[in-house]
Structures are given as C-alpha cells and as structure tokens.
Amino acid sequence: MTTKTVWETLSAVDVSHLVQNIGGRDYIAWMDAWAELKNHFPDAECTKSDEPQIFPDTSGFVHCTIRIPSKNFELTDSRPILNGNKPIFGPNAQQINSAYQRCMVKTIAMCGLGWKLWQKADDLLEDTGKTSERSPDAIASRIMKARNEI
C-alpha cells in the first residue's frame, strides 16, 4: 500500500464547493480551509508568529506554520499585511488578525489545498493589468518568441 504525501492528498481535493467570490477575487474562507485540512489530517496544527514583522516604513508581514505530525510534515510561509493588494502602514489588531488568517489559508494552499486559486491570483497583477511573467500566457509567449529566434 502506497501512502500519499500531504501534497498528493490535498491537491486532489475538489474545493469548488468552498470557493467564494468577493470583488472579483476567488478565495476559500479561512475556517473552510482549516476544516478541510483537519478532515484529511486530524492532527494538523497551525502556529502563527507571536508578533508580525514590522518594517521601518510600518508595513509588515506575518508568518504561519502548518504541522502535520503524523506525516512528519511542516511548512512555514509568510504574507504581507494588505488591504486588497496594497500594503497597510501601521496596521491595527484587526488588520493583523486578517493577515494571519489569510496567511494560514495561503500556507494550507502551499500544502496543496486550493493551490490553483493562488496561481490564478498570482497571474493577475491588478496594478498594471498585465499578466505575471509566470502566467501560462506569458510563458507560452516567451516559448513562441524563442522558437521564432532559432
């Protein structure tokens, strides 16, 4: 019998029933992401950094670690404290808490659950209206350009 990795297990989960859309952004609510993780790995734990990392300009980052002891698995990720896609300077307690919850969902996505939502978000750069250099269209364009130069 083959044991699946955390990624293999979570990336195979259909999260379409959990996806919500607000302001044109698809996301999974933090409690739904946590519940789905716990459904597959009841021993999963989440640890959030004691304090946000605040920079001299008063913007900041939070850090979150997901542990699954039964799989000897641990993953830490970070997320800026944002309002939409803009940094918050001098964040208050509610803004920091929201950043921690979003960081937890992002870290769970890095484990595999709903990862395609983050790929989609990364592909859209709202400030410029351009696609990321990592987007499938941008990669295909570079490949076609390279082929034409050969």
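**Cysteines and aromatic pairs**

Tutor: The count of disulfides comes to zero, where a disulfide is a pair of cysteine sulfur atoms within 2.5 Å. This is a predicted model, in which local features need pLDDT of at least 70 and side-chain atom pairs count only at pLDDT 80 or more, while totals for chains, interfaces and linings use all residues. Residues are numbered from 1 along each chain as its sequence is written, and side-chain values use heavy atoms, leaving out hydrogens and water.

Student: Is Cys 103 buried or exposed?

Tutor: Cys 103 is buried, with a relative accessible area of 0%. Buried means under 20% relative accessible area, exposed over 50%, and partly exposed in between (1.4 Å probe, protein chains only). Cys 46, at 25%, is partly exposed.

Student: Now the rings: how many aromatic pairs are there?

Tutor: There are two aromatic pairs. Rings of Phe, Tyr and Trp (its six-membered ring) pair if their centres lie within 6.5 Å; planes under 30 degrees apart count as stacked, over 60 as edge-to-face and the rest as tilted. Trp 7 and Trp 115 form a tilted pair, with 5.7 Å centre to centre and 40° between the planes.

Student: Which is the other pair?

Tutor: Phe 55 and Phe 61 pair edge-to-face, at 5.9 Å centre to centre and 85° between the planes.
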